[in-house]
Amino acid sequence: MKPQVKTILLTAVLGVIWAGTIAVGLRVLLNYETSPGRVGAIPRSWPANSRIQPADDRLTLVMLAHPQCPCTRASVAELAQVMARVQGKIRAYVLFYTPRESGADWQNTDLRRTAAQIPGVTVLSDVDGTEAQRFGAETSGHTFLFDPSGRLLFNGGITASRGHSGDNTGESAIVSLIDNRTSARAQTSIFGCALKNRGEQGKATLCLR
């Protein structure tokens, strides 16, 4: 076989391998972005032992978040959109997972500061994820909506996939429940880092890279 022909064949083979590698990589990335996080035992009403108080004259929204999760930037951005649309109609909390022995640098993150700047949102530390466990949240960005009697109306994520902002079913459901007290959806998938590693250390490390 002539050297020129060998070169052409080798180039063609390498091209096929390269294209296959790209295709596999894109599939892995797509699967990662669209794979929902874990969900714990969700109570049907406001947890009686929670240290935060729901509003008795309006709906209450609670988001559980990891302060170092880049995926949750999109969830916080969508929360800002919700708060802008419902202005004053709900009480809202964002509870950031905070290990008991963590220092100030753990809490002093851009994500936490961004959430604190949203009008109408109260940001609190969730020491060792105690509140997350009470609400049944295991994935950062898990959002809950309760009526004034403490009944759970909605729980899930408010992004369409991991780390992507934009119109989505969760956000639409929350706004509909706030404005009309009705929605076609009461639950959606959550996309984000694990609040605690709990068997998902690999996933959390990938997300927090």
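User: Which residue is the bridge partner of Leu64 in β2?

Analyst: This is a predicted model, in which local features need pLDDT of at least 70, side-chain atom pairs count only at pLDDT 80 or more, and totals for chains, interfaces and linings use all residues. Residues are numbered from 1 along each chain as its sequence is written, and side-chain values use heavy atoms, without hydrogens and water. Strands β1 (residues 59-65) and β2 (residues 90-98) run parallel and are joined by seven bridges; strands are DSSP runs (E, at least two residues) numbered from the N terminus, and two of them pair if DSSP finds at least two bridges between them. In β2, the partner of Leu64 is Leu95.

User: In what order do the five strands form the open sheet?

Analyst: The pairing in this open sheet is mixed. The edge strands, each pairing on one side only, are β3 (121-127) and β5 (152-156). The order is β3-β2-β1-β4-β5.

User: Why is the pair of Trp46 and Phe146 edge-to-face?

Analyst: Rings of Phe, Tyr and Trp (its six-membered ring) pair if their centres lie within 6.5 Å; planes under 30 degrees apart count as stacked, over 60 as edge-to-face and the rest as tilted. The centres of Trp46 and Phe146 are 4.9 Å apart and the planes are at 70 degrees, so the pair is edge-to-face.

Methods. Helices (H or I, at least four residues) and strands (E, at least two) are DSSP runs, numbered from the N terminus.
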